[in-house]
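Subject: Structure for your review

Dear colleague,

Please find below the structure that I am handing over to you. My findings follow directly after it.

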Amino acid sequence: MATSRSRRRLSPEARRGELIDAAIRLLESGKDVTNWVQAVTAEADAAKGTFYVYFSSWDDMLAAVRDRVLRDYVERFDRIAETTEPTDWWATLDAECAAVIELIARPGGLHAALFHPGPVHVSENEGLRAAIDASARVLRRGMDEGAFRQVDPHTTATILFAALHSAGDAIGAGERPERWLEAVRDLTRRWLGPPPQ
């Protein structure tokens with residue numbers, strides 16, 4: 001006698017979250033997917049029709065993925081900016097720059113979904129602005145504690161994001177990661193380090 005697969009009962013918020021998690025895993029995997037809706041629902045162990053309960057289209061899902069990834073980034077940077085623990089600001093900056101570059105350079109569709117989605121919508125701009133603002137708060141905190149030279153933190157975060165994106169794209173295209181990580185480290189030291197004597 002064949003047994004049917006039983007689906008777990010989840011709250012609507014939890015089910016939507018599982019679908020987004022499944023989409024992120026698939027996008028990160030770099031798998032060649034012909035039917036994203038079917039692949040996401042299979043990955044999430046959900047019925048195909050469940051997708052359309054939460055998302056009107058694949059583009060709607062990609063917007064939710066972008067929102068999730070950028071929200072997680074903002075929350076992580078807010079925790080860094082708000083910590084009361086002593087912080088090694090240079091080590092933190094190096095680690096966060098490397099993490100962003102790695103995300104962008106990683107093969108798969110997550111980078112394209114996040115940064116090259118086609119027509120840009122206001123919510124995407126708001127998400128990127130929020131991420132840059134969160135980065136600026138971390139830079140400001142490092143400046144306030146005397147680790148970084150006083151410069152405009154928002155402009156610095158915006159330009160740094162562009163540099164990290166370019167580094168990730170270059171690494172994704174096959175260039176050596178060490179070269180780009182060292183270049184970013186040198187850039188931040190020259191820009192944010194103590195002024196020359």
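The second largest cavity is lined by Glu28, Leu103, Arg106, Pro107, Gly108, Leu110 and His111. Please note that this is a predicted model. The volume of this second largest cavity is about 30 Å³, and its lining comprises three nonpolar, two polar and two charged residues.

In total, the structure holds two cavities of 30 Å³ or more. The largest cavity has a volume of about 140 Å³. Its lining is made up of 14 residues, and those nearest the centre are Tyr73, Phe77, Leu93, Ser135 and Leu160. The greatest contribution to the lining of the largest cavity is that of H5, which gives five residues. Sorted by class, the lining of the largest cavity has eleven nonpolar residues, two polar residues and one charged residue.

The largest pocket has a volume of about 300 Å³. A total of 17 residues line the largest pocket, and Val69, Tyr73, Arg76, Leu103 and Leu114 are those that lie nearest its centre. Two or more residues of this lining are given by each of helix H1 (12–29), H4, H5, helix H6 (110–115) and helix H7 (122–144). Here H4 gives the most, with six residues. The lining of the largest pocket contains 13 nonpolar and four charged residues, but no polar ones.

The pairing of H4 and H5 deserves a separate paragraph. Helix H4 covers residues 58–82 and helix H5 covers residues 89–105; their axes come within 13 Å and cross at roughly 175 degrees. Angles over 145 degrees count as roughly antiparallel, and H4 and H5 are therefore roughly antiparallel to each other. In this contact, Val69, Tyr73, Arg76, Phe77 and Ile80 of H4 meet Trp89, Thr92, Glu96, Val100 and Leu103 of H5. By class, the residues in the contact of H4 with H5 are seven nonpolar, one polar and two charged.

Is Thr92 buried or exposed? Thr92, which lies in helix H5, has a relative accessibility of 19%, and because buried means under 20%, Thr92 counts as buried. Apart from neighbours within four places in sequence, Thr92 is in contact with Ile80 and Thr87.

Finally, I give the overall composition. The protein chain has nine helices and zero strands, so that its pattern along the sequence reads α-α-α-α-α-α-α-α-α. The chain has 197 residues, of which 40% count as buried. Among contacts between residues at least 6 apart in sequence, 68% join residues that are at least 24 apart.

Yours sincerely

Note on methods: Residues are numbered from 1 along each chain as its sequence is written. This is a predicted model: local features need pLDDT of at least 70, side-chain atom pairs count only at pLDDT 80 or more; totals for chains, interfaces and linings use all residues. Side-chain values use heavy atoms; hydrogens and water are left out. Axes are lines fitted to C-alpha atoms, for helices over the stretch in contact, and angles run from 0 to 180 degrees between N-to-C directions. Helices (H or I, at least four residues) and strands (E, at least two) are DSSP runs, numbered from the N terminus. Angles under 35 degrees count as roughly parallel, over 145 as roughly antiparallel, 65 to 115 as roughly perpendicular and the rest as oblique. Contact means heavy atoms within 4.5 Å. Ala, Val, Leu, Ile, Met, Phe, Trp, Tyr, Cys and Pro count as nonpolar, Asp, Glu, Lys and Arg as charged, and the others, Gly among them, as polar. On a 1 Å grid over the protein atoms alone, a cavity is a set of points where a 1.4 Å probe fits but cannot get out, and a pocket is an open set with protein on both sides within 12 Å along at least five of seven lines; lining residues have an atom within 4 Å of a point. Grid points are joined across faces, edges and corners, and a volume is the space filled by probe spheres set on the points. Buried means under 20% relative accessible area, exposed over 50%, partly exposed in between (1.4 Å probe, protein chains only).
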